[in-house]
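Dear colleague,

I am passing on a structure that I would ask you to look over. My notes on what was found in it follow directly below.

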Amino acid sequence: MNEEVKNKIIEIMGRYPKKESALMPALTLVQKSKANNLSKEDVAEVANLIDVSLSRAYGVATYYSMFNVDKGVGKYHLQVDTNIPATLMGALEIFNYLSEKLGIKHGETTSDGLFTLSKVECLASCGTCPVVQVNDKYYELMTKEKVDMLIDSLRKGIMPDLPVEYNWKSQCNVLLKNRGVENATEIEVYKETGGYKTLAKALTMKPQDIVTEVRESQLRGRGGAGFPTGVKWGFVPKDTGKPVYLVCNADEGEPGTFKDRQILAYDPHLLIEGMAISAYALGAKLAFIYIRGEFGWIAEILEKAIAQAKKDGKLGQLDNIIVHQGAGSYVCGEETALIESIEGKRGLPRMKPPFPAVEGLYGCPTIVNNVETLASVPYIVENGAEAFKKWGSEAGYGFKLFGVSGAVNKPGVYECPMGVSYDELIEMAGGYKGNITGVIIGGLSVPILTAEELKKGPGLKMDYESTLDYGTNLGSGGVMVISDEFNIPEIAARTIQFYNHESCGQCTPCRMGSGMIVNLLTRVAEGKGEPGDLDKVLWYCDNIKGNTLCPTGEAYATPIKSMITKFRKDFEQLITI
Ligand SMILES: Cc1cc2nc3c(=O)[nH]c(=O)nc-3n(C[C@H](O)[C@H](O)[C@H](O)COP(=O)(O)O)c2cc1C
Ligand code: SF4
Ligand code: FES
């Protein structure tokens with residue numbers, strides 16, 4: 001490693017309470033300096049510098065999919081996301097076109113060492129799929145023509161700019177209020193619209209009064225589980241003598257979810273203000289933003305905004321907010337795996353209890369909240385709990401970002417009051433494109449609804465209770481609309497392939513069960529299934545659910561079961577023996 005990289009790593013080690021936390025940032029830096037590749041010798045050098053065992057460093061370097069240890073990746077690594085929303089929006093066609101054009105398959109590199117082609121999982125860009133990530137850069141809404149332009153340009157050594165227009169709209173004007181404002185990522189622009197005034201107000205309040213206000217607003221976590229935020233904050237034990245940490249979960253890993261990046265990339269100061277207020281309420285002096293590794297370009301936006309806020313004295317009582325980049329692991333979105341990852345380890349979920357609020361990062365009380373949750377806090381502190389509750393109902397209060405992808409005319413991000421009707425949301429997204437067979441409304445880990453189910457009953461509302469009444473879950477609010485262009489068995493097979501790929505492997509039911517289901521559903525989808533296969537899958541689903549260490553097992557067992565039970569005929573038609 002060169003001196004510049006070495007000095008940077010030493011500087012990063014000094015940022016964290018424990019230097020081991022610098023392991024992932026160090027591997028990322030070294031990989032960048034080595035044309036996107038890492039060798040075993042590089043890993044050993046990093047281990048030596050940070051003073052961790054080689055086995056630990058190697059374990060970390062080979063756990064996260066973005067570290068290319070001895071993979072021999074070419075100058076341009078073309079990563080085509082082929083998860084479900086991407087497939088619904090034509091990604092496989094783009095992948096096949098690239099494969100033909102370059103004469104290479106998944107995981108292969110062209111003989112001149114210029115291009116490596118890979119299929120990857122959801123890149124949190126589902127509204128603008130098909131997306132191809134080239135090294136650190138996203139190319140969205142790709143077409144064959146744009147692929148031609150991209151490859152021609154890369155062959156000349158130029159990473160082109162191919163900007164895209166996003167669809168978005170706001171009915172509440174809170175979380176997306178600065179979307180579309182020029183230079184909104186600059187602190188001066190943010191302040192012009194009243195930014196950081198709420199922080200000043202919060203700092204005149206008693207911390208406990210802020211916790212009470214947030215609890216009374218009944219804000220529920222927007223990361224997927226919907227746990228009441230104020231209640232969680234109340235679990236932080238008092239006077240333990242240990243520091244309290246605040247961690248913002250910006251992993252945005254759930255397929256179908258691409259909402260947090262709207263705040264992170266377009267209004268970073270809103271999140272920073274929310275974090276400064278929350279940290280003050282919780283008594284935290286150090287905070288972290290754990291951001292998925294593929295969002296390296298957004299991490300840069302955040303770091304710049306944090307530096308501006310720090311310089312301007314806008315972090316409240318926080319000494320710093322550290323942006324910690326992941327490196328390609330879905331399970332690291334789970335809060336305890338995320339904590340392990342910040343500690344410089346493989347992202348393996350921990351057994352709970354103890355819950356992070358009591359014993360989290362470095363064994364200290366830690367609050368993990370989603371980006372959208374923390375960005376909602378300034379509104380509540382500024383306007384009060386009652387104002388927040390003017391939106392929605394007991395079934396869920398406030399405003400919410402919904403991402404709509406798949407078979408709609410305007411896939412995009414829409415800010416609506418909690419409880420907006422599903423039909424209205426689809427209307428905002430430009431209406432259906434084609435004949436709809438099913439919809440997954442809360443990210444890939446919630447049960448599918450059939451088009452018929454959506455027509456029945458009082459009409460689905462996008463809140464915590466109505467979705468339960470319809471037998472599904474609000475989850476992260478990532479709505480994926482499926483048309484009859486796609487068959488559900490193929491979608492089910494691809495779904496379980498994703499979870500099997502991401503399973504951290506700690507518990508047998510999840511590790512082995514997901515593998516068994518992959519084998520069964522893949523052969524069914526390929527028309528090679530046998531009678532009894534579907535019942536075997538259902539048996540596995542029933543026995544995985546409730547028997548795993550973290551919620552990932554249930555996160556696939558439940559939707560897979562719903563696809564088979566609701567679309568059984570489609571599966572059976574493929575079993576012809
Ligand atoms: C496998 C798995 C992946 C998750 N991914 C995310 C994620 O990408 N972003 C997120 O905010 N929460 C994610 N969560 C939920 C977190 O564990 C945690 O509940 C959340 O960050 C808490 O924040 P909230 O209360 O503000 O929602 C995930 C959970 C699981 C089980
Ligand atoms: S359920 Fe899966 S992802 Fe979660 S700890 Fe077990 S093996 Fe890991
Ligand atoms: S970014 Fe393409 S599937 Fe999510």
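Which residue is the bridge partner of Gly-403 in β17? The partner is Gly-478. Please note that this is a predicted model.

This pair belongs to the contact between β13 and β17, which run parallel to one another and are joined over 4 bridges. Gly-403 also stands opposite Val-413, a residue of β14. The pairing of β13 (residues 399–406) with β14 (residues 412–417) is antiparallel and extends over 6 bridges.

Strand β15 (residues 436–440) pairs with β17 in the antiparallel sense, over 4 bridges; here Val-439 has Val-481 as its bridge partner in β17.

These strands form part of an open sheet of 6 strands with mixed pairing, in the order β6-β14-β13-β17-β15-β16. At its edges are β6 (167–170) and β16 (449–450), each of which pairs on one side only.

As to the overall division, the chain is assigned domain 1 (3–63), domain 2 (76–155), domain 3 (169–388), domain 4 (392–483) and domain 5 (488–572). The centres of domain 1 and domain 4, taken over C-alpha atoms, are 42 Å apart.

Finally, ligand 2 is surrounded by 14 residues, of which Cys-504, Cys-507, Cys-510, Thr-548 and Cys-550 are the closest. Two or more residues of this shell come from each of α22 (508–525) and α24 (552–566). The shell around ligand 2 comprises 7 nonpolar, 6 polar and 1 charged residues.

With kind regards

Methods
Residues numbered from 1 in each chain as written. Chains lettered and ligands numbered in written order. Predicted model: local features only at pLDDT ≥ 70, side-chain atom pairs only at ≥ 80, totals over all residues. Pairing = 2+ DSSP bridges. Near = placed C-beta within 6 Å. Nonpolar A, V, L, I, M, F, W, Y, C, P; charged D, E, K, R; others polar. Domains from an automatic or database assignment.
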